[in-house]
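Please report on the side-chain contacts and surface charge of this structure.

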Amino acid sequence: MMMKKILIADASKVSRILLENILSDHFEIIQFSSIAETINYLKNNSVDLLICGFELTDGNAFKLAELLKVNDIFIPILLITSDPKTISKYDAYTFGIFDILERDKIDESIIEDINEIIELYSNIDLSNSFIVAIDDSKTQLYFIENVLKQTKSKYILFENPREFIETLPHSKPDICILDVYMDELDGIEVTKIIRKYKELKNTRIIIQTSARENSLLRTLMIIGADDYIIKPYSTEELLLKIINNIKVKKINDELDKINKELFEKATTDPLTGLYNRRFIIEQLNILISNYKRYLVPFAVMILDIDHFKRINDTYGHDIGDEILINLSKILKETLRKTDIIGRFGGEEFLCLIPNTPSENLPIIISKLLNNIRKFKYKYEEDEITFTISIGCCNFTKKYKTDNEIIKCADDMLYKAKNNGRNQAFLLLDGSELNIK
Ligand code: GH3
Ligand code: MG
């Protein structure tokens, strides 16, 4: 296996040599004492990790970190210092330092840490992810941006939360990194707005707070935030949060997809894409309870192709199937989106028509009979036409169960068949009506 490459940049030769002695059996080491040499080398060569003393001959570690960012060179930087107290963690993290190590405490155990950091870094590829960060502090956004650049994700930064809100819900971020205290609109408000959109239910919300304020965090979690990170945090901490939350987001998206597919399989008829018998009966029972509770009116319509056997016998079963598919299309086009259309069995269809006054039902049924009469299916030299018979009843107090209303619609259908087919019989509030 090729050895991983580490660049040591430090003004002190002694420090460089001490470190090299610990690492050289495990890593390929390159050393420089100045920022200029380091940058120059990294512009043309890649390394897996940069270990940096605070002082370099031509500036300090922060200046080096800054120049790396300016040159779009992203590698984890470990800062080594003889006295960690003299270095502000906040500054170091803002400049993108990965971690701070105390010189005297460095021993062989660092090798495993380094291997882990290199592994973590080399595996980040969130190029299919979209992340937004909202923070009214420019410095903080700049820090976050430098972390995001390393993830290869698509990202947008917002200084003004209102501008972010305007992009919702179509922007569909995988992760929102949100500050709590912002003048325009605080993190709680932004979280509430995100959670109003059901399209964004899997979007992960990571909250940044300056202190661990339990009651605030509790509120945020209750209203739908997913995770938090306490400032000042390191590049590594944010990276780990992002990687983990993307993982959860992708798993949840996948679960939703599977659930949707399962739901479709369980509720639809594969040939026509209409609802299947089981689903339509379930929906019928929901309509019956709504009728009983709130008197929401609805009607049940059963229809059946006339002499369908002849089509199958003359043209074959596949053409019969095509006719069923075309009938389904005509049903969808003629009825309303809120009507529930199902394939009840073979060539029999059952439609539930909610919220339609009974005087409108004859109009709908006439239109349906006519649309079917107009339809022609081209098959070789022939144009296949067909007709349907319909039975329909509106739900009234006299029906006690789903079976009773279905039986009534079925009786009406058979009246239509016996009366010569290509027509409908309706039972509306107890009065029978024939439509031809
Ligand atoms: P009627 O006017 O009395 O309804 O006559 P019909 O020939 O349509 O009725 P019948 O119930 O006697 O026959 C229904 C036919 O529908 C028989 C069956 O082969 C056919 N059928 C049922 N399901 C399918 C299907 O999925 N595809 C095709 N192609 N035919 C089907
Ligand atoms: Mg039939």
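Predicted model: local features only at pLDDT ≥ 70, side-chain atom pairs only at ≥ 80, totals over all residues.

Residues are numbered from 1 along each chain as its sequence is written, chains are lettered from A and ligands numbered from 1 in the order in which they are written, and side-chain values use heavy atoms, with hydrogens and water left out.

**Salt bridges**

The whole structure holds 20 salt bridges. A salt bridge here is a side-chain nitrogen of Lys or Arg within 4 Å of a carboxyl oxygen of Asp or Glu. Three of them are listed below.

| Salt bridge | N to O distance |
|---|---|
| K192 and E189 | 3.9 Å |
| D269 and R343 | 3.2 Å |
| D306 and K417 | 2.9 Å |

D269 and R343 link distant parts of the chain, 74 residues apart. D269 sits in the loop between α10 and α11 (277-294), and R343 in strand β14 (residues 340-345). Helices (H or I, at least four residues) and strands (E, at least two) are DSSP runs, numbered from the N terminus. D269 is buried at 11% relative accessibility, and R343 is buried at 16%. Buried means under 20% relative accessible area, exposed over 50%, and partly exposed in between (1.4 Å probe, protein chains only).

D306 and K417 also link distant parts of the chain, 111 residues apart. D306 lies in the loop between β13 (298-305) and α12 (308-315), while K417 lies in helix α15 (residues 402-418). Both residues are buried. Elsewhere, salt bridges with shared partners join D174, K249, K250 and D253 into one network.

K192 and E189 belong to helix α8 (residues 187-196). They are three residues apart, so about one helical turn separates them. K192 is partly exposed at 40% relative accessible area, and E189 is partly exposed at 34%.

**Aromatic pairs**

How many aromatic pairs does a search of the whole structure find? There are 13. Rings of Phe, Tyr and Trp (its six-membered ring) pair if their centres lie within 6.5 Å; planes under 30 degrees apart count as stacked, over 60 as edge-to-face and the rest as tilted.

F62 and F95 are stacked, at 4.7 Å centre to centre with 10 degrees between the planes. F62 is in helix α3 (residues 61-70), and F95 is in the loop between α4 (89-94) and β7 (99-102), 33 residues apart. F62 is buried at 10% relative accessible area. F95 is partly exposed at 27%.

Why is the pair of F143 and Y233 tilted? The ring centres are 5.5 Å apart and the planes stand at 55 degrees, so the pair counts as tilted. F143 is in helix α6 (residues 138-149), and Y233 is in the loop between β12 (227-230) and α10 (235-267). These partners are 90 residues apart. F143 is buried at 4% relative accessibility, and Y233 is buried at 2%.

Ring pairs also link Y291, F298, F395 and Y399 into a cluster.

**Surface charge**

E112, D113, E116 and E119 form a negative surface patch. Patch residues have over 30% relative accessible area and no salt bridge; like charges are joined within 9 Å, and nonpolar side chains (Val, Leu, Ile, Met, Phe, Trp, Tyr) within 5 Å. D113 lies in helix α5 (residues 110-122). D113 is partly exposed, with a relative accessible area of 42%.

Key. Areas by Shrake-Rupley, 256 points an atom, 1.4 Å probe, with all protein chains shown as cover. Lys, Arg positive; Asp, Glu negative; His and termini not counted. Charge placed at Lys NZ, Arg CZ, Asp CG, Glu CD.
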